[in-house]
Amino acid sequence: MKTFKHPRTEKKLKQQVCELLDEAGAWYFMPVPTGMQKATLDFLGCYKGRFFAIETKSPGGQPTERQVLAMAFIKSRGGFWCWGDNIDHIRTCFNVWASTL
């Protein structure tokens, strides 16, 4: 069963994540999905020399199976990842991780 996406809501969340990462001084980019590449997350970046990835979802959304596999791969290689459907959750995850560096 497909879930309805709320593009404006997810777009706004992505803008908020950009602001969070800019304020933190992180380097990041947002890959454009083409379907011809490995699964990836919405944000890939580097903060204090460490790799991170962030996935944003519309309210109630969940990562796809491919995204979950990408998260597991990132974690297995020592990277940090988080996903969320609101900026408070993503901010908390990022800040807790960043405080350990």
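Trainee: Which strands does helix 3 (residues 87-98) lie across?

Mentor: Helices (H or I, at least four residues) and strands (E, at least two) are DSSP runs, numbered from the N terminus. Helix 3 lies across strand 2, strand 3 and strand 4. This is a predicted model: local features need pLDDT of at least 70, side-chain atom pairs count only at pLDDT 80 or more, and totals for chains, interfaces and linings use all residues. Residues are numbered from 1 along each chain as its sequence is written, and side-chain values use heavy atoms, with hydrogens and water left out.

Trainee: At what angle does helix 3 run to strand 4?

Mentor: Angles run from 0 to 180 degrees between N-to-C directions of lines fitted to C-alpha atoms, for helices over the stretch in contact (heavy atoms within 4.5 Å). Helix 3 runs at about 165° to strand 4. Helix 2 (residues 65-76) runs at about 150° to strand 4, and lies across strand 3 (50-56) as well as strand 4.

Trainee: What is the strand order in the sheet?

Mentor: Two strands pair if DSSP finds at least two bridges between them. Here four strands form an open sheet in the order 1-2-3-4, and the pairing is mixed. Strand 1 (27-29) and strand 4 (80-84) are the edge strands, each pairing on one side only. On average, neighbouring strands of this sheet are turned by 20° against each other, direction ignored.

Trainee: How many bridges join strand 1 to strand 2?

Mentor: Three bridges join them, and the two strands run antiparallel, with strand 2 covering residues 43-47. As one example, Trp27 has Cys46 in strand 2 as its bridge partner.

Trainee: How many salt bridges does the structure hold?

Mentor: A salt bridge is a side-chain nitrogen of Lys or Arg within 4 Å of a carboxyl oxygen of Asp or Glu. The structure holds four. One of them links Glu10 with Lys14, whose closest N and O atoms are 3.7 Å apart.

Trainee: Where do Glu10 and Lys14 lie?

Mentor: Both belong to helix 1 (residues 7-24). Glu10 and Lys14 are four residues apart there, about one turn of the helix.
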